[in-house]
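Hi everyone, thanks for coming. I'd like to walk you through a structure that may be new to you, so let's bring it up on the screen.

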Amino acid sequence: MKSMKLLALAALFILTIGLLAACGTENETGQADENQETDQTDEGTNASEENTEENTEETEELSGEVLIDGSSTVFPIMEGLTYEYNQENPSVELSLNSSGSGGGFKKSTVGEIDLSNASRPIKEEEIAIAEENGIELHELELAYDGLSVVVSQQNEFVENLTVDQLKKIFLADNDATQWSDINPEWPEETITIYSPGHDSGTFDYFNEVILEENPMKEGENVTLSEDDNLLVQGIQNDPYAIGYFGYAYYAENQDTLKVLGIDEGNGAIKPSGETIQDGSYSPLSRPIFTYVNVASLEKPQVYDFVEFTLNNAGSAAEHVGYVALPDEKYQEQLDKINELAGK
Amino acid sequence: MQIHISKSRMKRRIALNSIFRILFFLATTIGLVFLSLLLIRILNQGLGYLTIDFLRNFPAPYVEEAGMFAGIIGSLFLMLLTAPIAIILGVSTALYLEEYAPKNRFTNFIQVNVQNLAGVPSIVFGLLGLTFFVYLFQMGYTLIAGALTMSLLILPVIVVAAQEAIRSVPKEIKEASIGMGATKWQTIWRIVLPAAVPGILTGSILALSRAIGETAPLLIVGAATAIYTIPDSMLSKYTVMPIQIYSWTSRPQEEWQFVAGAGIIVLLVILLCMNAIAVWIRNKFQNRY
């Protein structure tokens, strides 16, 4: 009797689970139906695909996996690209992760993924690991990002900073802690610093071009966070705060943040679409990348996705607040890919 | 004179009593206030974005088209795999420890370790899953690797809950069963387990509720952030709801915070459903002895 109840309960449990699963499959087939409407030629061409591998006409239906991982800075661009690509090629299974530039290279240098997004160039030691595993990674520039140094709109005294002043503010071995230490005309108020955390590619880049690998200030007036929105919130309401992050985060918060012009010696220049693209916003404009595993280019779906990426990266980048490369740069890279793929 | 003293003492005791009553009431309300603040904020932000399309769509770079379908199905499939693995292993372990294991140092040692494991940070289980399931057993970044990792994560909780439930079955009825000539296994299957079912299942479902909200270990064993297919086998790529929510909250554009709010509502509703099932089971089977 008791075991009967147990059985009944177990049956009920399984039934509930089955029901949930059935809901899933129902939706799944619904989705599949929609997909089939858009590509009726699916089945017919799949069979003959192997014979026509050389032929990359647009009518050819591709399938298989494209695995992408890497920088969270590049993620929004890649999400846009994978979304659009999926609309055109629903049978290609795209998987996009964002485990950071370093996390991506960990996987790409052992050949686990096809594309590795990065907000910094690949490091020597990562190239060495790739070579050990017989893997060649080819660098593609997708867009530019202008690392923006910002203060609050409530800050009335700073408009521009020179690179030397930036160093004074951020470097640990400089004991400037008040704005008046940077420029005697500025108020005697403590500088509060907001910076991306040490694991982010954004910090890596700032560390390289401004700090030149010297340690940054730490302590009670310094806030580190991997969450750029948190940095934005911290700076917004504090007239004596300063921080830096990708241009997109400034662009979304222009009404509360003030971006500073950076003077490298040729006059102060503020980041904007033009100054980032033509390189005059220096030294803080940086390219962002994806690295393609050259061996993966032999898979038709990976080659096709890379081609799609280079044709559409500019608009995808601008949609999410980055700056597109000049058109001819994409074309050059596409030619190079064709050469590598032997097309 | 004595009456006077005892009266003033009495007053003090009564005053102390009401002070503590107020203190404990405040302690209760603090939790409630923050819970309702959280709920109000999320409902405010998310409700406007919670549409049928949000439940049916795959990730998208446009706020209006972004959806959670891949995450919902991924999370449910993950739980469907995790639940049987963790419950069967967990209940078997508990049965062994409670019914079969000799009471010696070794059993004690296992006991203490299981309890400690329940407090290990989830990211550690992620690393364990990466080393063993993803690399050593060569499962790759697949659904089954994620499910096995999750099973390990919630196993200690289930073992402890099941042990409690089994222990609370009255000794007399077990002895009665054995006295009637039933074997140990017959006693366990027909007497102990049915009586322990509410405790076991309540514990299990609460453990699964924890698993469905986990992000860190799944990121490590390679759950995707954006994916446009739903898993069709145990070796498929997958994503889960918390990872999608996390990805939305970290974007610069403000609208994505609202999309994340909608995602949190879906996650909360599914969690509430699971907890409701747990409560229902407990009430249905309570006070059998």
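Let's begin where the two chains meet. In this predicted model, 35 residues of chain A are in contact with 29 residues of chain B. Which elements of chain A give two or more residues to that side? They are helix H1 (2-38), helix H3 (75-88), strand E2 (92-96), helix H9 (228-236) and helix H10 (247-251). H1(A) makes the largest contribution, with eleven residues. If you sort the chain A side by class, you get 13 nonpolar, 14 polar and eight charged residues.

Now stay with E2(A) for a moment. Two bridges join E2(A) to strand E1 of chain B, residues 226-227, and the two strands run antiparallel. There you can find Leu96(A) standing opposite Ala226(B).

Next, the inside. The largest nonpolar core has 163 residues, and those touching the most other members are Ile77(A), Ala143(A), Ile154(B) and Ile158(B). Helix H6 of chain B, residues 143-167, supplies the largest share of this core, 18 residues. As background, nonpolar side chains in soluble globular proteins tend to be buried together.

Let's zoom in on Ala143(A). Leaving aside residues up to four places away in sequence, its contacts include Ile77(A), Ile288(A), Ala313(A) and Tyr322(A).

Finally, chain A as a whole. Its secondary structure comes to 13 helices and 13 strands, and of its 343 residues, 39% count as buried. Among chain A contacts with a separation of 6 or more, 73% are between residues 24 or more positions apart.

How values were computed: Residues are numbered from 1 along each chain as its sequence is written. Chains are lettered from A and ligands numbered from 1 in the order in which they are written. This is a predicted model: local features need pLDDT of at least 70, side-chain atom pairs count only at pLDDT 80 or more; totals for chains, interfaces and linings use all residues. Two residues are in contact if their C-beta atoms, placed from the backbone, lie within 7 Å. Helices (H or I, at least four residues) and strands (E, at least two) are DSSP runs, numbered from the N terminus. Ala, Val, Leu, Ile, Met, Phe, Trp, Tyr, Cys and Pro count as nonpolar, Asp, Glu, Lys and Arg as charged, and the others, Gly among them, as polar. Two strands pair if DSSP finds at least two bridges between them. A nonpolar core is a set of buried Ala, Val, Leu, Ile, Met, Phe, Trp, Tyr and Cys residues joined through C-beta atoms within 7 Å. A residue is buried if 20 or more other C-beta atoms lie within 10 Å of its own, exposed if 12 or fewer, and partly exposed in between; C-beta atoms are placed from the backbone.
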